[in-house]
Amino acid sequence: MSSRRVLWWVLLLASLLPAAALTVLRLGAWEAGPAIRLVSFTPYAVVAYAVALVLLLGVAHRTRGARLAALGVVAALVLHGSWLAPLVVGAPASATAGEAAGDERVVVMSSNLLMGRADAAQVVRTAVEGDVDVLVLQEVTRRSLAGLEAAGLDELLPHRIGFPVTGERPFADTVGTMVFARQPLGEPRPLGTVLQSWEVEVDGLVLLAVHPSAPTDPEGWVRDHDLLRETARESGADLVVGDFNATLDHAPVRRLVDDGYRDAVEQSNGGWQPTWPANGLFAGLPVLLVQIDHVLTGPGLVADSARTVRIDGTDHRALLVEVLVAARRLGRS
């Protein structure tokens, strides 16, 4: 076998096998061990399949096997394309909402502070520039809260629930989740996830501020996501916001979609907007790979726009979403 043919086989297998594995994991809704983390990279199978298709088309005229394999790869590309298409196609949000006179616009922002290391002043500045109404923060520490207060967060969003956590045990600084709002907040209810998550009412809307366990703890990850879905169903939550530690390809998020929730980036045709890692985690390269931060809107709410914003000091991009809410839903009992 010539060296050129060997190289062809190496390239084909190196592209086709990982792509096929991602397809199987996505279809099988795997929720165990390393598979959870691998599912995060499902969108990249499109690139791998495209490389495999080019290689196969180059020899398709020679063998029937290559032609059949190329057809299989095309089918896989169509399947993955159907999973990605909602991010860029569909009716404009404003058309879907009907945006009748009197509808209200609520701006929601979510940001993971990476154990309080994020630039607090930049977080507040981003909230000011975005005219944010509701701010959900994860991994808030006492030090970062002091920085937020010093930067004037209380003046912008005077109402809050949750509390920072700082301690000696490993990863204690990842626990604190807080909600800040322009309007008064209702009585908060802790949800019992490994990291803090809350149910709270804000301006007539039920908000779940969430931070389920990372997939490095598969059992905790599955348990937390099951709990969040159960809470969303029982409370009739209007908004589910935070660091989900899961992408739209993960089964728990797809179950929420099946329950009627929509991801704000998808609903607003925002395109591919990964949020992690934003701090050069891999070989020092600031390459964003996966979207694990989400704003999910319940029935009757529509995300009109969604964008990410870089915040210095953290490994997550902040997510800013404009949500249209029918006036009749606000101030409900």
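Predicted model: local features only at pLDDT ≥ 70, side-chain atom pairs only at ≥ 80, totals over all residues.
The chain has eleven helices and twelve strands.

- Six strands make up an open sheet with mixed pairing.
- The strand order is S5-S6-S7-S8-S10-S9.
- Strand S5 (189-190) is one edge, and strand S9 (262-263) is the other. Each of these edge strands pairs on one side only.
- Strands S7 (residues 205-210) and S8 (residues 239-243) run parallel. Four bridges join them.
- Within this pair, Leu 208 stands opposite Val 240 in S8.

**Helix H9 against helix H10**
- Two packed helices are described by the angle between their axes and the distance between the axes.
- For H9 and H10 (residues 251-258), the angle is about 10 degrees and the axes are 10 Å apart.
- Angles under 35 degrees count as roughly parallel, so H9 and H10 are roughly parallel to each other.
- From H9, the residues in this contact are Trp 221, His 225, Asp 226, Arg 229 and Ala 232. They meet Pro 252, Arg 255 and Leu 256 in H10.
- By class, the contact of H9 with H10 has four nonpolar, one polar and three charged residues.

**Leu 113**
- Leu 113 sits in the loop between strand S1 (104-112) and helix H6 (120-129).
- The relative accessible area of Leu 113 is 2%. Buried means under 20%, so Leu 113 is buried.
- Neighbours within four places in sequence aside, Leu 113 is in contact with Ala 118, Val 123, Leu 137, Gln 138, Glu 139, Val 140, Ser 144, Leu 148 and Thr 314.
- Leu 113 and Ala 318 are 205 residues apart in sequence. In space, their C-alpha atoms are 9.1 Å apart.

**The chain as a whole**
- The chain has 333 residues, and 50% of them count as buried.
- Among contacts in the chain with a separation of 6 or more, 69% join residues 24 or more positions apart.
- The chain exposes about 15100 Å². Carbon and sulfur atoms supply 59% of that area.

Terms used:
Residues numbered from 1 in each chain as written. Heavy atoms only, no water. Pairing = 2+ DSSP bridges. Helix = DSSP H or I, 4+ residues; strand = E, 2+ residues; numbered from the N terminus. Buried < 20%, exposed > 50% of the residue type's maximum accessible area, 1.4 Å probe, protein only. Contact = heavy atoms within 4.5 Å. Areas by Shrake-Rupley, 256 points an atom, 1.4 Å probe, with all protein chains shown as cover. Axes fitted to C-alpha atoms, helices over the stretch in contact; angles between N-to-C directions. Parallel < 35°, antiparallel > 145°, perpendicular 65-115°, else oblique. Nonpolar A, V, L, I, M, F, W, Y, C, P; charged D, E, K, R; others polar.
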